[in-house]
Amino acid sequence: VDLERRYWRKDGTEFWGHLAGRRFQDVQGNERGLIGVITDIDKHKRSEQKLAESESRLRTVTENAPDTILQVDRKGTILFVNRMVPGLTAEQVVGTDVYRWVPLESHPVVKQALERVFATGQRQEYESAGPGPNGEVRFYSVRVMPVLIEGKAETAVYIATDITGRKQAELQLLQSEEKFRLLVETSYDWIWEVDAQGRYTYAS
């Protein structure tokens, strides 16, 4: 016999128990009864229920979220993803590890963030390249947060926001500033810049 069900304690309170039992026989081989042991698994069942409820809430929230959201275990294995970029399917992603989807040089950052989330229960952040539509490389700002069950991190959630546009704008600004600097440094003219109050902010 192997059975999980609700039982009652002497004080009338209910609990989840696991019944393990076997039949016993006398010396003639006749069945004489059943020996059973009931183990209190109430705490374990409550943890399972809370985890299931947490995962259900997570899926409800993430279905319409604009960001890419992943749920992973301690090893970084992807358990859930809310959306797929064109060119990839859920079957290709779920069950793989999160390191597969970031450049090799980002592995130490990703690993450190995941380990800290499980060790401290605190949110971690980093930026990394990652897959975009049809194999395109995109840049993401990533927040990693624990899913806490009774105060313990059971899984972690990655929220990745595409910041490719911002990164491209930053690069263009740097390139523009570098061109301006080179122009000024090689010019024989005096070049200056003033603010709205007429104060000098730059002079060559």
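This is a predicted model: local features need pLDDT of at least 70, side-chain atom pairs count only at pLDDT 80 or more; totals for chains, interfaces and linings use all residues.
Reader: What makes S1 and strand S2 count as a pair?

Author: Two strands pair if DSSP finds at least two bridges between them. S1 and strand S2 (residues 14-25) have seven bridges, in the antiparallel sense, so by that rule they pair. Residues are numbered from 1 along each chain as its sequence is written, and side-chain values use heavy atoms, with hydrogens and water left out.

Reader: Why are strand S1 and strand S3 called edge strands?

Author: The open sheet has three strands in the order S1-S2-S3, with antiparallel pairing. Strand S1 (2-8) and strand S3 (31-40) each pair on one side only. From one strand to the next, the twist averages 40°. That angle is taken between N-to-C directions, on a scale from 0 to 180 degrees, with axes fitted to C-alpha atoms.

Reader: What makes a stretch a strand or a helix in this scheme?

Author: Both are DSSP runs, numbered from the N terminus: helices (H or I) need at least four residues, strands (E) at least two. The chain has four helices and 10 strands.

Reader: How do you know that strand S4 and strand S5 are joined?

Author: Three bridges link strand S4 (residues 68-72) to strand S5 (residues 78-81), and the two run antiparallel. The rule asks for at least two, so they pair. Val72 has Ile78 of S5 as its bridge partner. Five residues lie between the strands of this hairpin, where Gly76 takes a positive phi near 90°.

Reader: Why is Thr96 called buried?

Author: Buried means under 20% relative accessible area (exposed is over 50%, partly exposed in between; 1.4 Å probe, protein chains only). Thr96 has 13% relative accessibility, so it counts as buried. It lies in the loop between helix H2 (90-93) and helix H3 (107-120). Across the chain, buried residues make up 29% of the 204 residues.

Reader: What does Thr96 touch, not counting residues up to four places away in sequence?

Author: Thr96 touches Gly76, Thr77, Ile78 and Trp101. Contact means heavy atoms within 4.5 Å. Gly76 is the hairpin residue with the positive phi, and Ile78 is the bridge partner of Val72.

Reader: What lies 2.5 Å from a polar atom of the side chain of Thr96?

Author: The backbone oxygen of Val93 does.

Note on methods: A polar contact is a pair of N or O atoms within 3.5 Å; within protein, one must be able to donate a hydrogen and the other to accept it, and residues adjacent in sequence count only if both atoms are side-chain atoms.
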